[in-house]
Amino acid sequence: MIHKLKKLDWVIVSIMLFMMVASFFLVRSAIQNQGENYYNYEYKHLLFFGIGFIVLGLVAFAHYHILLKYTLYLYGIGNALLIAVYLFAPELNGAKGWFQLPGFNFQPAEFMKLILILTLAFFLARKYGNELDLRHDTIRIGLIAFIPFVLVMIQPDLGNAIIYLVILLGMLWIGNIRYNIVIVGTASVIVAGVLGVILYQVFHQELATFVPPHWMARIDTYLNPENASADAIYQVLNAQVAIGSGGLFGSGYMNGDSTKNGFVPFPYSDSIFVVVGEEFGFFGASVLLLMYFLLLYRMILIAMKCQDLAGRYIVIGVVSMFIFQIFENIGMMMGIMPLTGITLPFISYGGSSLLINMAAVGLVLSIHANPDLEEELPYA
């Protein structure tokens, strides 16, 4: 046990402890005047963090190849849960994506992120670093992400579905995808994006007849804010005002007007960065971003030192997931990204999302403790 403890990356563990303390006080500030339904949310969040550290430790002290051996079974279980939650779970916040369990809601889409990273690493490692071609490699590996992407889209949960694609792209890039595929794919995405915006503007009313209303409202706040409804633009505008009002050092802990008066919805969850910006200002937001940078930097160092391709791919998948979630959550509060239901990793209140993120960190720590190539690989 002592030998394994010495192999832990204690910088990452220290960052996790910082996140736990910071999130406890931020959630506590965010729930003030939110009503009795949010009583003791900060202590529930602390409990989730405690369980998360247990999960992190169990995963970190185990060899990640154990999970790789069973990755195909996990992939099947993950997709089965996505189907089950759509068929049997009650609708919550306009989507059918949560199983209501005693004490918290379990979201299979969060669980699937980690499974997808393991599955993609499993298949990419079988190429042994050789260049990926289009038909035999890229398309087949892409289908692995496409299946859960579709299952999550129909819930509907656009935020987590996009994360699957980001994980796929990040791992394909480090998996030695051909440059001509990258060029053609990038050009296709740009053309599709431009055409999509044009069609959205021209056929806005027609799209509104079959696109879910809350999706249209969120798209309007990003692409068409002048004509967006007051309810749709409410969160974005108030979030920008609140963050801007924080100035250099903020208004002080628990002194944010947006939280006290309920101007920004979900300040304890999706909008918790507003609490950071308003109460701690540019300085506090910079400290938080610095912690994220150090976390990602340490993970990238672990990937660079890892001799096992599967381990390297897993770390890059985790890094891709965290980078997008951080950028999307903060960006949507500042109006530079569309609104989604993506939480801020380790800071937003949550159960399943926090536990999965802690498990992902534990997986990276396991790779750090076992950086060398095994004699017999589970994917060989």
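A patch is built from residues with over 30% relative accessible area and no salt bridge, where like charges are joined within 9 Å and nonpolar side chains (Val, Leu, Ile, Met, Phe, Trp, Tyr) within 5 Å. Areas follow the Shrake-Rupley method with a 1.4 Å probe, and for residues only the protein chains shown count as cover. The model is predicted: local features need pLDDT of at least 70, side-chain atom pairs count only at pLDDT 80 or more, and totals for chains, interfaces and linings use all residues. Residues are numbered from 1 along each chain as its sequence is written, and side-chain values use heavy atoms, with hydrogens and water left out.

One nonpolar patch is made of Ile 83, Tyr 86, Leu 87, Phe 88, Leu 134, Ile 139, Leu 143, Phe 146, Val 150 and Ile 154. Helices (H or I, at least four residues) and strands (E, at least two) are DSSP runs, numbered from the N terminus. The largest share, 5 residues, comes from α7. Leu 87 sits in helix α5. Its relative accessibility is 52%, so Leu 87 counts as exposed. The classes are buried (under 20% relative accessible area), exposed (over 50%) and partly exposed (in between), with a 1.4 Å probe and protein chains only.

## The second largest pocket

Rolling a probe the size of a water molecule over the atoms shows where empty space is left. Here the search runs on a 1 Å grid over the protein atoms alone. A cavity is a set of points where a 1.4 Å probe fits but cannot get out. A pocket is an open set with protein on both sides within 12 Å along at least five of seven lines. Lining residues have an atom within 4 Å of a point. Grid points are joined across faces, edges and corners, and a volume is the space filled by probe spheres set on the points.

The second largest pocket holds about 370 Å³ of space. It is lined by 20 residues, and Val 55, Val 59, Phe 111, Leu 114 and Ala 359 are the closest to its centre. At least two lining residues come from each of α3 (41–61), α4 (64–69), β2 (104–106), α6 (108–125) and α16 (352–369). The most, 6 residues, come from α16. By class, the lining has 17 nonpolar, 3 polar and no charged residues. Nonpolar here covers Ala, Val, Leu, Ile, Met, Phe, Trp, Tyr, Cys and Pro; charged covers Asp, Glu, Lys and Arg; the others, Gly among them, are polar.

## A cavity and a buried Phe

The count comes to 1 cavity of 30 Å³ or more. The largest cavity has a volume of about 30 Å³. Its lining consists of Thr 343, Leu 344, Pro 345, Phe 346, Ile 347, Ser 348, Ser 353, Leu 354 and Asn 357. That makes 5 nonpolar, 4 polar and no charged residues.

Phe 346 also has a backbone feature: a positive phi of about 70 degrees, although it is not a glycine. Phe 346 lies in the loop between α15 (309–333) and α16. It is buried, because its relative accessibility is 1%.

## Other backbone features

Phe 266 is not a glycine either, yet it has a positive phi of about 50 degrees. Its place is the loop between α13 (257–260) and α14 (272–305). Phe 266 is partly exposed, with a relative accessible area of 41%.

A cis peptide bond joins Gln 155 and Pro 156, with omega about -5 degrees. Pro 156 belongs to the loop between α7 and α8 (158–174).

## Salt bridges

Side chains of opposite charge can pair when their charged atoms come close. A salt bridge is a side-chain nitrogen of Lys or Arg within 4 Å of a carboxyl oxygen of Asp or Glu. The count is 4 salt bridges. One of them joins Asp 9 and Arg 298, at 3.0 Å from N to O. Asp 9 lies in the loop between α1 (2–7) and α2 (10–30) and Arg 298 in helix α14, so the pair ties together parts 289 residues apart in sequence. Asp 9 is buried at 3% relative accessible area, whereas Arg 298 is partly exposed at 27%.

Arg 28 forms a salt bridge with Glu 42, the closest N and O atoms being 4.0 Å apart. Arg 28 is in helix α2 and Glu 42 in helix α3, so this pair links parts 14 residues apart in sequence. Arg 28 is partly exposed at 34%, and Glu 42 is buried at 7%. Lys 113 and Glu 110 also form a salt bridge, with their closest N and O atoms 2.8 Å apart. Both lie in helix α6, 3 residues apart, about one turn of the helix. Lys 113 and Glu 110 are both buried.
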